[in-house]
Amino acid sequence: MSASTPLTDRWAVALAASAAAGAWWSAPPPVWLLVGAPAAALLCRRPALVCLACLGVVGASGARAEAGLRVASGSWQGGVTLVTDPVAQFGSVRAEVRAGGHRLELVADGSVADT
């Protein structure tokens, strides 16, 4: 393969598989991989390095998305901004709110939900 090998159909499938593997992996890779692999792929123009870079970047994106989904339950004292209208569901009231720069789900159960 020459230094400027085009991205053939086989490499396009490998690139898609790398993206799928990175999404499934969803772990924060080492910083050297996130910086080095895309830079090397751009400089060397090698499809294998493009696939490796894709795997690392998609894996890091998946890890960041999962970190945003972590649930922290507890009580809150302070003001919130409603993002959605409250909806009654199964004896509770649920709504999405914004508080402290985060988007959260508000759940009120029992007698609090009746008011």
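Analyst: The expected span of a helix is 1.5 Å times one less than its number of residues. Helices (H or I, at least four residues) and strands (E, at least two) are DSSP runs, numbered from the N terminus. The model is predicted: local features need pLDDT of at least 70 and side-chain atom pairs pLDDT 80 or more, while totals for chains, interfaces and linings use all residues. Residues are numbered from 1 along each chain as its sequence is written, and side-chain values use heavy atoms, without hydrogens and water.

User: What span should helix α3 have, and how far apart are its end C-alpha atoms?

Analyst: Helix α3 covers residues 47-68, which is 22 residues, so it should span 32 Å. Its end C-alpha atoms are 32 Å apart, in agreement with that.

User: Which residues of α3 are buried, and what covers them?

Analyst: Buried means under 20% relative accessible area, exposed over 50%, and partly exposed in between (1.4 Å probe, protein chains only). The buried residues in α3 are Pro47, Cys51, Ala53, Cys54, Gly56, Gly59, Ala60, Gly62 and Ala63. Their cover includes α1 (9-25) and α2 (31-44).

User: At what angle do α1 and α3 pack?

Analyst: Two packed helices are described by the angle between their axes and the distance between the axes. Axes are lines fitted to C-alpha atoms, for helices over the stretch in contact, and angles run from 0 to 180 degrees between N-to-C directions. For α1 and α3 the angle is about 25°, with the axes 7 Å apart. Angles under 35 degrees count as roughly parallel, over 145 as roughly antiparallel, 65 to 115 as roughly perpendicular and the rest as oblique. The helices α1 and α3 are therefore roughly parallel to each other.

User: Is serine 18 buried or exposed, and which residues is serine 18 in contact with?

Analyst: Serine 18 lies in helix α1. Because its relative accessible area is 13%, serine 18 is buried. Contact means heavy atoms within 4.5 Å. Leaving aside neighbours within four places in sequence, serine 18 is in contact with Cys51 and Leu55.

User: Where is serine 26, and what is its phi?

Analyst: Serine 26 sits in the loop between α1 and α2. Although not a glycine, serine 26 has a positive phi of about 45°. Serine 26 counts as buried because its relative accessibility is 11%.

User: Where is phenylalanine 90, and is it buried or exposed?

Analyst: Phenylalanine 90 is in the loop between β2 (87-89) and β3 (92-99). Its phi is positive, about 50°, although phenylalanine 90 is not a glycine. With 87% relative accessibility, phenylalanine 90 counts as exposed.
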